[in-house]
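Subject: Structure for your review

Dear colleague,

Please find below the structure that I am handing over to you. The findings follow directly after it.

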Amino acid sequence: DLIAAARDAGAVGACLSGAGPSVLALCWRDIDSIAGALTAAAQQHGIGGTVLRSRVRDYGSRVDTSLVA
(Lines give C-alpha, C1' and ligand atoms only; values in the text may rest on other atoms or scores of the structure.)
Protein backbone atom coordinates (compact mmCIF):
# COMPACT_ATOMS: atom_id res chain seq x y z
CA ASP A 1 0.00 0.00 0.00
CA LEU A 2 2.85 2.43 0.71
CA ILE A 3 4.44 1.82 -2.68
CA ALA A 4 1.10 2.37 -4.41
CA ALA A 5 0.52 5.54 -2.38
CA ALA A 6 3.89 6.94 -3.43
CA ARG A 7 3.27 6.12 -7.10
CA ASP A 8 -0.26 7.51 -6.99
CA ALA A 9 1.08 10.75 -5.46
CA GLY A 10 3.54 11.20 -8.33
CA ALA A 11 6.70 9.25 -7.51
CA VAL A 12 8.59 8.08 -10.59
CA GLY A 13 9.17 4.75 -8.87
CA ALA A 14 8.89 3.15 -5.45
CA CYS A 15 10.07 -0.11 -3.92
CA LEU A 16 11.01 -1.89 -0.73
CA SER A 17 14.60 -1.18 0.19
CA GLY A 18 16.19 -4.58 0.57
CA ALA A 19 13.91 -6.89 2.52
CA GLY A 20 12.23 -3.92 4.22
CA PRO A 21 11.18 -2.23 6.39
CA SER A 22 12.22 0.82 4.36
CA VAL A 23 10.33 2.10 1.33
CA LEU A 24 12.24 4.05 -1.32
CA ALA A 25 10.40 6.54 -3.55
CA LEU A 26 12.15 8.31 -6.42
CA CYS A 27 10.81 11.75 -7.28
CA TRP A 28 11.92 15.14 -8.52
CA ARG A 29 8.74 17.13 -7.92
CA ASP A 30 5.70 17.03 -5.63
CA ILE A 31 8.00 15.87 -2.86
CA ASP A 32 5.77 17.16 -0.07
CA SER A 33 2.66 15.44 -1.43
CA ILE A 34 4.54 12.16 -1.92
CA ALA A 35 5.93 12.34 1.63
CA GLY A 36 2.43 13.06 2.91
CA ALA A 37 0.96 10.15 0.97
CA LEU A 38 3.58 7.77 2.39
CA THR A 39 2.96 9.02 5.92
CA ALA A 40 -0.82 8.74 5.58
CA ALA A 41 -0.63 5.22 4.13
CA ALA A 42 1.66 4.12 6.95
CA GLN A 43 -0.65 5.62 9.58
CA GLN A 44 -3.64 3.80 8.08
CA HIS A 45 -1.82 0.55 8.86
CA GLY A 46 -0.61 1.64 12.29
CA ILE A 47 2.98 1.94 11.10
CA GLY A 48 5.23 4.72 12.36
CA GLY A 49 8.17 6.07 10.49
CA THR A 50 10.21 9.00 9.30
CA VAL A 51 10.48 10.47 5.82
CA LEU A 52 14.09 11.14 4.86
CA ARG A 53 14.96 13.22 1.82
CA SER A 54 18.20 12.70 -0.03
CA ARG A 55 19.64 14.01 -3.27
CA VAL A 56 20.83 11.69 -5.99
CA ARG A 57 24.34 12.37 -7.29
CA ASP A 58 25.41 11.68 -10.83
CA TYR A 59 29.11 11.03 -10.32
CA GLY A 60 29.09 7.48 -8.98
CA SER A 61 30.99 6.13 -6.02
CA ARG A 62 34.20 7.74 -4.78
CA VAL A 63 36.81 6.94 -2.19
CA ASP A 64 37.60 9.78 0.22
CA THR A 65 41.32 9.57 0.94
CA SER A 66 41.52 12.89 2.76
CA LEU A 67 41.52 11.12 6.15
CA VAL A 68 44.17 8.52 5.24
CA ALA A 69 47.50 9.17 6.92
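The surface of the chain exposes about 5,700 Å², and carbon and sulfur atoms supply 52% of that area. Accessible areas come from the Shrake-Rupley method with a 1.4 Å probe; for residues, only the protein chains shown count as cover.

This is a predicted model, in which local features need pLDDT of at least 70 and side-chain atom pairs count only at pLDDT 80 or more, while totals for chains, interfaces and linings use all residues. Residues are numbered from 1 along each chain as its sequence is written, and side-chain values use heavy atoms, with hydrogens and water left out.

Overall form

The chain contains two helices and two strands, and from the N terminus on its elements run α-β-β-α. Helices (H or I, at least four residues) and strands (E, at least two) are DSSP runs, numbered from the N terminus. The C-alpha trace spans about 50 × 25 × 20 Å along its principal axes. The radius of gyration of the chain is 15 Å, whereas a compact globule of 69 residues would have one near 11 Å. That radius is taken over C-alpha atoms, and the globule rule is 2.2 Å times the number of residues to the power 0.38.

Of the 69 residues, 14% count as buried. Buried means under 20% relative accessible area, exposed over 50%, and partly exposed in between (1.4 Å probe, protein chains only). Among the contacts with a separation of 6 or more, 27% are accounted for by residues 24 or more positions apart; contact means heavy atoms within 4.5 Å.

The chain carries 6 positive and 6 negative side chains, and the centres of the two sets lie 7 Å apart. Here Lys and Arg count as positive and Asp and Glu as negative, while His and the chain ends are not counted. The place of a charge is taken as NZ of Lys, CZ of Arg, CG of Asp or CD of Glu.

The nonpolar core

The largest nonpolar core has eight residues: Leu-2, Ala-5, Ala-6, Ala-11, Ile-34, Leu-38, Ala-41 and Ala-42. The elements that give two or more residues to this core are α1 (2-9) and α2 (31-44), and the largest share, four residues, comes from α2. A nonpolar core is a set of buried Ala, Val, Leu, Ile, Met, Phe, Trp, Tyr and Cys residues joined through side-chain atoms within 4.5 Å. Leaving aside residues up to four places away in sequence, Ala-6 touches Ala-11, Ala-14, Ala-25, Ile-34 and Leu-38.

The loop between β2 and α2

Asp-30 is found in the loop between β2 (22-26) and α2. Asp-30 has a positive phi of about 55° although it is not a glycine. Most residues other than glycine have a negative phi. Asp-30 counts as partly exposed, at 42% relative accessibility, and its C-alpha atom is separated by 8.1 Å from that of Ala-11, 19 residues apart along the chain.

Trp-28 has its place in the loop between β2 and α2 and is exposed, with a relative accessible area of 60%. Trp-28 and Val-56 are 28 residues apart in sequence and 9.9 Å apart in space, C-alpha to C-alpha.

The segment after α2

Ser-54 is found in the segment after α2 and is exposed, with a relative accessible area of 69%. From Ser-54 to Ala-14 there are 14 Å in space, C-alpha to C-alpha, and 40 residues in sequence. Ser-61 also lies in the segment after α2 and counts as exposed at 77% relative accessibility. The C-alpha atoms of Ser-61 and Leu-16, 45 residues apart along the chain, are separated by 22 Å.

With kind regards
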